[in-house]
Amino acid sequence: MENQIPPVAEVAELELEAAIGFNGHVPTGLKCHPDQEHLIFPLGCTVLIQAINTQEQNFLHGHSNNVSCVAISKSGLYLASGQVTFMGFKADIILWDYKQRELIARLSLHKGKIEALAFSPNDLYLVSLGGPDDGSVVVWNIAKREAICGSPAAGLNVGNATTVIFSRCRDEMFVTAGNGTIRVWELDLPNRKIWPTECQTGQMKRIVMCITIAVDDSFFYLGTTTGDILKMNPRTKLLADTGPAKDKFSLGVSTIKCLKMGGLLVGSGAGLLVFCKSPSYKPIKKIQLQGGITSITLRGEGHHFFVGTEESHIYRVNFTDFKETLIATCHFEAVQDVVFPFGTDELFATCAKKDIRVWHTLSNRELLRITVPNMTCHCIDFMRDGKSIISAWDDGRIRAFAPETGRLMYVINNAHRIGVTAIATTSDCKRVISGGGEGEVRVWQIGCQTQKLEEALKEHKSSVSCIRVKNNNLECVTASTDGTCIIWDLVRLRRNQMILANTLFQCVCYHPEEFQIITSGTDRKIAYWEVFDGSVIRELEGSLSGSINGMDITMEGVHFVTGGNDHLVKVWDYNGGEVTHVGVGHSGNITRIRISPGNQYIVSVSADGAVLRWKYPFTS
């Protein structure tokens, strides 16, 4: 008897319109392309190509895990990116064609992680450095797309090499450096060998974080964790000078760039950007930026340059007046929630860790940032009149902010014991319903000046994960990680119905006609329930792996969307129970997802800090 395979309906791809995100933790991850029109940077497992003057974005998909390094060839024809992977598995390097924006080759030899990549000046070779579990350096032939030779990157009695740079003039020389090791390598192509020479630093023991080389190869400079700079001669392999003698760079020299006109641009782990010259290395010009600096990339000769920081800010700096302009920002922590205001898709709000940010939808610009230091925001909602953003925080407080200015309007102290985990508002703007980590659901009356607790509903045994209110404000549904969903009567403030399932519920939605609800959670099932008696109508297999964390339904109730730990955005037909479209682009767990009012966009947010905007596939 043959296995009958059910015919699979053709699933279309969702069109990714824009991504807000930049992984600022990748060392020298931000690159300006030699065409001076595009910035290239990693976001999770994708590499983004962003036009500097327009909003145009291209995405290079191909890595199976987070991108750990990016390199561009001098001609600009090739990009290369490396990734991390699990212990003992091969980590891929992908060679990309820049003009076609497509994958040329997968180069896999290293295990665990690709630490750094560099192209030779005439695009002949690519050198790659494996991570701490691998410890080897490999030279690849770009034309043949194969490895020429490899070697252990550092000696037996020193630490790992973490950074590599090619000579600016010769295709046969490159430099690696790291913990207590600085080596100049010569490539011997006829014998397929690379020969290292250890550089002598005398009594100095340093851990190198970054490396840059002069245009004529006369010297190379190394930035260290101790906050000083070493200048080495690649011919004699000897130390030329070090500095600064006093006032070393706080938290280390995390990135360094040699300028054509002489002098160095230095970025420190404390966010200080400095222009200085050998041998004193005293700051000639300096500015303080937000977050430790991880990338400096020159545009052309370096009259303009771009700086990337750990807090995921990208700045443009003009060299002559040394003033910074913030050109892009995004979340650098896991994004917890996303929400649109009622009836408009022009802007939306997201929250992550200590920030709530309001974004302009079409331009991806951050309009407002509200920060509460050292706290975590779990959930946000706009009041129906658009006059306040209500937010739920892990210190047990509910805070309301004005959406234009970010001014704190009121705080409800001690709203819940183990933090506020879910929040919703009624459409008459008179009530806020909150859920806490201890499982209580509380109804608050919001007046002009006062906020009063109307009722505390104690039924759930574990944290409340999602709250949705019926349009007529007469009832609401709360989902909890104790495996129950409860439908509450908001007039009598009593329980109407309880739904039980063997899962940790993460999300719940009312069908717009409000006689059914759909739920999902860690058992990966999407269940439809009858509101009237709490009976299950149908169950769908929502995903093949991992919990479903977010779902939203259109105003008409024809389609709904889900997202979860399988990193996929799925659009479903409500009545058919079929997936119609799938969106691939996230590289972290999707935490929440929303369809914009008017069904123009789907916005999904994930644990790697990315906010992705997709084109809604159906015309309403």
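Helices (H or I, at least four residues) and strands (E, at least two) are DSSP runs, numbered from the N terminus. This is a predicted model, in which local features need pLDDT of at least 70 and side-chain atom pairs count only at pLDDT 80 or more, while totals for chains, interfaces and linings use all residues. Residues are numbered from 1 along each chain as its sequence is written, and side-chain values use heavy atoms, with hydrogens and water left out.

The spaces come first. They are found on a 1 Å grid over the protein atoms alone: a cavity is a set of points where a 1.4 Å probe fits but cannot get out, whereas a pocket is an open set with protein on both sides within 12 Å along at least five of seven lines. A residue belongs to the lining if it has an atom within 4 Å of a point. Grid points are joined across faces, edges and corners, and a volume is the space filled by probe spheres set on the points.

The second largest pocket holds about 1,000 Å³ of space. Its lining is made of 43 residues, and Arg468, Val469, Asn471, Asp552 and Arg594 are those that lie nearest its centre. Two or more lining residues come from each of β35 (377-382), β39 (420-425), β43 (464-469), β47 (505-510), β51 (548-553) and β55 (590-595). Of the elements, β43 gives the largest share, 5 residues.

The whole structure has 2 cavities of 30 Å³ or more. The largest cavity contains about 40 Å³ of space, and Ala501, Thr503, Phe505, Thr519, Asp523, Lys525, Ala527, Trp529 and Glu539 line it. Strand β49 (residues 525-530) contributes the most to this lining, with 3 residues. By class, the lining of the largest cavity is 4 nonpolar, 2 polar and 3 charged.

The second largest cavity has a volume of about 30 Å³. Its lining consists of Ala18, Ala19, Ile20, Phe348, Thr361, Asn364, Val611, Leu612 and Arg613. Here β2 (16-20) and β57 (611-615) are the elements that give two or more residues. The lining of the second largest cavity divides into 6 nonpolar, 2 polar and 1 charged.

Two strands pair if DSSP finds at least two bridges between them. Strand β4 (residues 38-43) pairs with β5 in the antiparallel sense over 6 bridges, and Leu43 has Thr46 as its bridge partner in β5. These two strands form a hairpin with 2 residues between them, and Gly44 in the turn has a positive phi of about 60°. Strand β6 (residues 57-61) also pairs with β5 in the antiparallel sense, over 5 bridges, with Ile49 opposite Asn58 in β6. The hairpin of β5 and β6 has 5 residues between the strands.

The aromatic rings remain. Rings of Phe, Tyr and Trp (its six-membered ring) pair if their centres lie within 6.5 Å; planes under 30 degrees apart count as stacked, over 60 as edge-to-face and the rest as tilted. By this rule there are 13 aromatic pairs. One of them, Phe174 with Trp185, is stacked, at 5.9 Å centre to centre and 5° between the planes. Phe174 lies in strand β16 (residues 173-178) and Trp185 in strand β17 (residues 182-188), so the pair ties together parts that are 11 residues apart in sequence. Phe174 and Trp185 are both buried.

Phe305 and Phe322 form a tilted pair, 6.1 Å centre to centre with 50° between the planes.

Conventions:
Buried < 20%, exposed > 50% of the residue type's maximum accessible area, 1.4 Å probe, protein only. Nonpolar A, V, L, I, M, F, W, Y, C, P; charged D, E, K, R; others polar.
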